[in-house]
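Subject: Structure for you to look at

Hello,

Here is the structure I promised to pass on. Please open it first, then read the notes below alongside it.

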Amino acid sequence: MMKLIQIFSSRRTWAWPYILFMAMFVVLPLILVGVYAFTDIDGNFTIRNFMKFFTHSEAIQTFLYSLMIAVFNTAICLLIGYPAAYIMAQEEFKTPKVMAMLFILPMWINFLLRTVATVELFNMCGLPLGEGALLFGLCYDYLPFMIYPIYNTLLKMDNSLVEAAQDLGANRWTCFWKVIVPLSMPGVYSGIVMVFMPTVSTFAIAELLTHNNIKLFGSLIQDYITTTDLLNYGAVLSLVLLIIIGLTSFFGDHDSKDGEGIV
Amino acid sequence: MKSIKNILFVLFVFSPFAITMAQSNLTYELRIGATRDVALLEDFPESFAGEKVNIKLANSSYSTFGTLETADVLTPLDFFFADVSSPALQAWGDSIYSYTDAEGVSWTVWRTKKEVKNRSQKVLRQNAYHVFETYVQGVTHGPSHSTAWLGWLCAGLLFLAGIVYSVVLIIQRRREKNLTPVEQETLRRKRMGMRRHYGSQLYLWLLLLVLYAPIALIAVFSFTKSKILGNWTGFSFDLYLNLFTGKADAGLNSAIWYTVIIALIAAIVSTLLGTLAAIGIYNMRARSRKVVSFLNSVPMINPDIITGISLFLLFVALGVSQGLATVCIAHVVFCTPYVVLSVLPRLSRMNPNTYEAALDLGATPAQALRMVMLPELWPGMLSGFILALTLSVDDFGVTFFTKGSGGLETLSTFIYSDARKGGLTPELRPLFTIILIVMLAVLIYINIRNSKQEEK
């Protein structure tokens, strides 16, 4: 009994319940994805499902298309989000905090409801629902994820560097490209990661925005994983997505701390 | 004077948008009607058991509606209870049943042949039943009830504002002609800066306008009782009343309750678990701390769908029936890392020796935790708790895969299944309008408090 008390008075052990919980509900499930991907429906080892992916043209095409959409969306978010973050971070701006909050506030409205409202808006304006609507909706949903990390790095940036550049004769444009942009790269990286990863794995938004006419990889996974007989193939697709996510977070792991303040 | 000028300028810039809005509303008016598919797959278990049928919005079938004959008049309710195997529905073809309710919404049952793949991927031909809710706009309500007049009014006001602004500008320029060249130069410089300033302001506000347009749509149409978003049938508080008196859809009510219950459970559990874990992690040796921190970041990096699917596979493998418990566990999984991250900074800020001191003075670990650490940690715990609440309420992906098929719905999944049917339960509009207003109020409150603190 004394020994037990001793163990628990060492604060190091207080993390044990959490570690156990994580092992059970984070690590084990992720391993299970791999296990299901390499077994058939009776639980025997097989690589048939895995081979099926490479010959399954629908899956490959959807996968590539989703990647393309994700890249496009990330690029659009960056192009729109960077100037917004830059403007907000500038000193002459009087109420940057309110602005930053205003950009995040829509995220408190359920994103599915916002998506439905976007569809309705497109209908009202007589715009067709297709690729354009998809990109608009995705950009609309993930723009705050791009703005926030960039805004944070720009705020933290040492302004004396900019002043030094100006004193040394750089005009506004040079100063922006040679000083501000390189300094804000960590924020840009984490913004890209934070937009790219949810976009590539999105599944409900695409369905609603295009009335299920355009299928993204996430929807494909959803279809297979919820069909009992094809669950193992769904696991293969999930594994592919997991690899993409792993790669992205590996390459984007420059300074992910900037994004943590979001939500 | 200056601020009035700014307002006028913004109005002027927006006037083309308003005009387009007004015009688009007019053309909308002339269309036969917006049609949406409200067919419920679950309503026809006989015909769709286990099958996936891709239901498309019948945008292309406006013309079809005009020529088809109405064979029978059924109310939507009648249809839902109608025997699907009745002789009237047996023959192939586009037999149509339609019914127009008091609101001008016509319900149409339309049957098509559909190619469906069965489990073994064989192509079957099968009946597909669609229930269309058709709103015939121009006929029932006419332009007087439309929103077009609002658009035109805005456009008119904006245009007037633009004219006034230009006149003011011309007068100002006239006056400046009498200034010396030096004064004119400084004025020009100042204008350049102003232009840059207002250009960036304009950019942000335009962006916000686009960002808030769909939300504004929800908010505006929460004050009309029309079933369809985007169709104004006169001002009314009915939806709010329905929401608060429980007259809304039963599914919505239970979804709200489940959302609240799940969020509370998940937030409380993850706050406790996360705080303990944070204390543990903080006191670990560097290497094991690194490992646990990595583990902690995994659920944050993982997108919803991966977390959801992996947990789904776990529950399938364990043979656990999915329901409230599994959803709660799943929510704790993705909420706890954020709690850990919001408690850790508080720990590094507090004096590490106070806890030891309490133990030396004879406190039990539990006492020391309660009386020494908690007072220091609770701001971090609170922000973690609030973060967990928001994450849980907002979650869709994880809930979707772990809720099972027992009929458990949270708000997110309810909206999803609602939207798939094509319609949206009208009471969702006031619900989210209220959430938005509360959030705005909180934002304004925080802002006022912060500025007051800064003044001190």
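Chain A has 13 helices and zero strands, where helices (H or I, at least four residues) and strands (E, at least two) are DSSP runs, numbered from the N terminus. Along the sequence, chain A therefore reads α-α-α-α-α-α-α-α-α-α-α-α-α. In chain B there are 17 helices and four strands.

This is a predicted model, in which local features need pLDDT of at least 70 and side-chain atom pairs count only at pLDDT 80 or more, while totals for chains, interfaces and linings use all residues. Residues are numbered from 1 along each chain as its sequence is written, and chains are lettered from A and ligands numbered from 1 in the order in which they are written.

Confidence. pLDDT is the predictor's confidence in each residue, from 0 to 100. Chain A averages 81, and 88% of its residues score at least 70. Over residues 254-263 of chain A, pLDDT stays under 50, and the model has 23 contacts beyond four places in sequence for this stretch. Where pLDDT is low, the predicted coordinates should not be read in detail.

Burial and contacts. A residue is buried if 20 or more other C-beta atoms lie within 10 Å of its own, exposed if 12 or fewer, and partly exposed in between, with C-beta atoms placed from the backbone. Of the 263 residues in chain A, 46% are buried; of the 456 residues in chain B, 33% are buried. Two residues are in contact if their C-beta atoms, placed from the backbone, lie within 7 Å. Counting contacts between residues at least 6 apart in sequence, 74% in chain A join residues at least 24 apart, and the figure for chain B is 75%.

Between the chains. The contact involves 69 residues of chain A and 71 residues of chain B. Helix H2 (residues 16-37) of chain A gives the most to the side of chain A that touches chain B, with 14 residues. That side of chain A has 49 nonpolar, twelve polar and eight charged residues (Ala, Val, Leu, Ile, Met, Phe, Trp, Tyr, Cys and Pro count as nonpolar, Asp, Glu, Lys and Arg as charged, and the others, Gly among them, as polar).

One helix of chain B. Helix H11 (residues 304-318) of chain B has 15 residues and should span 21 Å at 1.5 Å a residue, which agrees with its end C-alpha atoms being 21 Å apart; the expected span is 1.5 Å times one less than the number of residues. Twelve of the 15 residues of H11(B) are buried, including Asp304(B), Gly308(B) and Phe315(B). The buried residues of H11(B) pack against H2, helix H12 (217-225) and helix H13 (231-251) of chain A, and against helix H10 (286-301), helix H12 (324-349) and helix H15 (397-402) of chain B. After H11(B) comes Gly319(B), whose phi is positive, near 75 degrees.

Ile309(B) touches Val33(A), Ile221(A), Ile225(A), Ser238(A) and Phe401(B), leaving out residues up to four places away in sequence. Ile109(A) lies in the loop between helix H5 (96-104) and helix H6 (111-124) of chain A. Why does Ile109(A) count as buried? Ile109(A) is buried because 21 other C-beta atoms lie within 10 Å. Its contacts, again without residues up to four places away in sequence, are Arg114(A), Ile215(B), Phe432(B), Ile435(B) and Leu436(B).

Regards
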